[in-house]
Every structure is written in C-alpha cells, then in structure tokens.
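Please brief me on this model.

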Amino acid sequence: MNGTRVLSVASEIFPLIKTGGLADVAGALPGALAAENISVRTLVPGYPAITHALDHASAVYDFPDLFGGRARLLAAQARGLDLFVLDAPHLYDRPGNPYLDPNGKDWADNAFRYAALAKVAAELARGLLDVYRPAILHLHDWQAGLAPVYLHFAEGPRPRTVMTIHNLAYQGQFSADLLPKLGLPAQAYGVDGIEYYGTISYLKGGLQFADRITTVSPTYADEICTPEFGMGLDGLLRRRLSSLCGILNGIDEAEWNPASDPHLAGHYGRNNPDGRVLNRFELQQRLGLDLDPDAMLLGVVSRLTWQKGLDMLQAALPPLMGQGFQLALLGAGDQQLESGFSELVRRHPGRIAAVIGYDEGLAHLIQAGCDALVVPSRFEPCGLTQLYALRYGAVPVVARVGGLADTVIDANEMALANGSATGLQFAPVTTERLSGALRRARILHRDKSAWKTLQSNGMATDVSWRRPARRYASLYRDATAQR
Ligand code: ADP
C-alpha cells in the first residue's frame, strides 16, 4: 500500500522513550493512520534507548559536521515503528531523561540538540534522500519547531507542514546570541520570526511558519488564543486562527482494556461491570484503606504540578471527610504537594492513601478500582487519565478546561434525563466548585442505578484512535490540496 507519505518528527516515542503524552501520540498515530492509507515514518533523536532497540538499521546519509560532530541518518525499524534515527553521539548519546542532565537541569546544549533534529527534518523534507519525499512534514512540539523555519528560509520545493502543540507551556526558549550558530539568517530574528521577548522561541518559529497548526483538543485550541491560556503566543495564534484546529488524542485500547489488563485483580467489561468490585477491594487492601463497601472511593493518577490543580483537592477534602469519601492517589512531582498529601494520609488513616512515585501497574488498578477519577487541572491540553477512566468505568470528575471539557459529558439535568451523561464537570476551577462537584458526585453515587448509567455511558464512549486518525488524514489531504 503506497498511500500519502508523512514524515513525523518527535523527540520521544512510545514504547521506546517516554516522558509524557507526546510519546503516546507519536507512537500510536502511525498505526492508526495506516488504516487511512497514510504511511508515516518518524524521525527521532538517537538516544541510547532508541539506538539499542533497533531491529534493522542501515546508514542512509552522513553529515560530516552537524552542530559540532559527525552524524549519520539511519533508516530503521523498532517495535513495529518505521523510523529515521539521527545518530549523533555528540548530541544524544546520553542515558536517562532526554531533556535533563543527571542533576535534573536542562542539558546546556539543548538548543543545538533540537536544532539538529529540526534541520535534518527540513533536509529530509526537501529531498535529501532521493528515494524518500514526504508529502507532509508533521512536527511535534518545540523540539521540532525550527523545521518550518529552516524550510521557510531555504530555496526550492518543499512539502506542506503541520505543527502540533501538545502543551503550550513548553516553548524551547534560548538566548538570541545563538542565532548565527543555528544556521539561520539574521532576518529570522524578528517579531514575525522566531523572536520572543528578546529571546529565541523554537515553538514560536514553528507556529509562525507551519502551514497548519493543530493542538490536542478543540477547547484547548480556543483557549490558547486567549491571554489567560496563550502563554504569550495568543496574539500569533489569533492571527493564524484559520490554520488552527484541535484534534483529540485517543488511547491505546490494547494496553488499556479492562477485559484483559494484566494489572487487575478481576477482569470486566461494559456488559459485566461487577468485576470492578474485586479491583476496588484489591485497591483498598493494597493501599491500607478501610474495606468499606459503601465508601465513595476517589482516584487520582497524576504528575503533582500546579497545572494539575491538586492543591485544590487537598483543600476540598478535609471538610468532606464525614460524607464517606476515600482517596487513592498515585503521583509524584512538587515537594510541597507530595508532603501535603502525606500529611492528609496521617490525619485520615484508612480514608486517604497516597503513593508517591511512578507505578504503571497501580495506575491501571486505580482506574479499575476507584468509583470516580478526579482531574481538577487548571489547564489540560487533552488529558489521558480521564479517557482511561471512561473506558474503565471510573466516573471522571473534571475541571471544565481543555480536553477535559471535550471528553466528559456533565451529569446535568438534561444529560441525566436523556441518558448521555458520562461524568461531572466543574467551572470555574476553584476549590469551592470542586467541592460542589464532589458533593454532587456523592449524591449520584448513592443512587445505584444513576451511577451505573454514568459508568455504562462512559464505557460506551469511543476513546480510540480511529476518529482522531480520520481527522489527521483529512487535515493532511486539505493541506496538500492547498496551493
Ligand atoms: P500529562 O501528559 O500532562 O502528564 P496526561 O493525562 O495527558 O497528563 O498523561 C499522563 C500519563 O501519565 C497517563 O498515562 C497517566 O496514567 C500517567 N501517569 C501520571 N502519573 C503517573 C504515576 N505517578 N504513575 C504511573 N503513571 C502515571
């Protein structure tokens, strides 16, 4: 099958290397797009986690000097993914987190590490390899952001470009002094170029020069055009509104399937949801919570950062503890949030449990065992945990922002009456409104049949990659048709 060729460029890709949702999307989209007759190859940096995982690799191009060292382009496959790997040991041969040094600081040469990725992407897109010419160059996040800039200042034909924002909070900002070393002309540094408040912003460059811009939910696409959520780029995004759209992420339905998930104590599905009880029991037992069958067991699986709004949950819970709530939390991040939850555990033994750390298996069990999954984010480009919750029959209680607003149908009077509700939303995002949503959830939870309907509706929601893949396919078609 020789469909439309897309070169995707990503700084991480599941299952080879992952720090967040970007890796999930970069890893899952090629497979989903194959069903749309689109063939995707992904250009990734040659970190050890990637070069050591390659099944077949052949060197297809040599760069004698790529930002201070020799590099090779490998055509390779790994775990079913078709890859181009930028094998540049002086830039990428470092174990661990792709962006941070062993002290947890950004690598000092990140500007060059990701300029190299973008430059090679642009060269590939312009036909560096005679045998490979993509119709679309799809760039993910700031790490790939300079590719449309290099293309803009180059001569000759080029493919159409799509820039996807997974989180506008990360922009790739560097000192303006670097400009000459990046191989870009002086005129690239301007308000209409990559200049950003006296610095260089790689993401801004991508947003300025890509033919199309996407982000990972329609509501986030609207929000980032406002000063409140636009992180200083809302003006640019408003100017580019006709080229901007939001396409929701999907989830990996094989990895997240309650009928076969190896991390669960009991398997279940929409037609036999009672299997959840075993997981609820297992979760309570494992985390030292009272084995209370009537409790309303809340779950949280999250990075602990300001974005995720969990300080509001810390404030909302204590006054509600007389109403039969329990909490099972898994997360890691800011010290203050971590110690806040540890303190709550001390004050409410048997009712609040917090596991500080990263635990894939426990994340699955929480989704399968909790009654309601709480996601009080201040902003959320798409969010994955509420999608897992829908599939696992945990009713999501979410802030009405970004992808959370787009994927959960609030149990308001109308939605309850017509049977469409899948969870609860609250807005504005404050402790008071979160408390209100939790109280509302508690009332619904006591009504067994209403709660079952919510769960069942959630489990019937299509959270697969099928629909998003169709949207990307149609975006690529539009972009290539456009002259
Ligand atoms: P973000 O990308 O902003 O962190 P998402 O909801 O899009 O938020 O994705 C978070 C992903 O990371 C989900 O797959 C979630 O299950 C996982 N996750 C977050 N924290 C933990 C943790 N402490 N242990 C295991 N998995 C976690």
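The centres of domain 1 and domain 2, taken over C-alpha atoms, are 34 Å apart. Domain 1 covers 4–250 + 466–481 and domain 2 covers 275–460; such bounds come from an automatic or database domain assignment. This is a predicted model, in which local features need pLDDT of at least 70, side-chain atom pairs count only at pLDDT 80 or more, and totals for chains, interfaces and linings use all residues. Residues are numbered from 1 along each chain as its sequence is written, and side-chain values use heavy atoms, with hydrogens and water left out.

**Domain interface**
- In domain 1, 17 residues are in contact with 16 residues of domain 2 (contact: heavy atoms within 4.5 Å).
- The two domains bury about 1100 Å² between them, with 62% of it on carbon and sulfur atoms. Buried area is the accessible area (1.4 Å probe) that two parts lose on being put together, summed over both.
- Zero salt bridges are counted between domain 1 and domain 2 (a side-chain nitrogen of Lys or Arg within 4 Å of a carboxyl oxygen of Asp or Glu).

**Aromatic rings**
- Rings of Phe, Tyr and Trp (its six-membered ring) pair if their centres lie within 6.5 Å; planes under 30 degrees apart are stacked, over 60 edge-to-face, the rest tilted.
- The count by this rule is 14 aromatic pairs.
- Phe153 and Phe209 have ring centres 5.9 Å apart and planes at 75°, so they form an edge-to-face pair.
- Phe153 lies in the loop between helix H5 (147–152) and strand S7 (160–165), and Phe209 in helix H6 (residues 202–209), so the pair ties together parts 56 residues apart in sequence. Helices (H or I, at least four residues) and strands (E, at least two) are DSSP runs, numbered from the N terminus.
- Phe153 is partly exposed at 27% relative accessibility, whereas Phe209 is buried at 15%. Buried means under 20% relative accessible area, exposed over 50%, partly exposed in between (1.4 Å probe, protein chains only).
- Tyr99, Tyr114, Trp142, Phe174 and Tyr202 are linked into a cluster by ring pairs.

**Charges over rings**
- The charged end of Arg94 sits over the ring of Trp107, 4.6 Å from its centre. The rule: NZ of Lys or CZ of Arg within 6 Å of the ring centre and within 35 degrees of the ring normal.
- Arg41 lies over the face of Tyr132, 5.8 Å from the ring centre.

**Buried positions**
- Leu151, in helix H5, is buried at 4% relative accessible area.
- Buried residues of helix H10 (residues 310–320) include Leu310, Met312 and Leu313.
- Among the elements covering the buried residues of H10 are strand S13 (296–304) and helix H11 (335–347).
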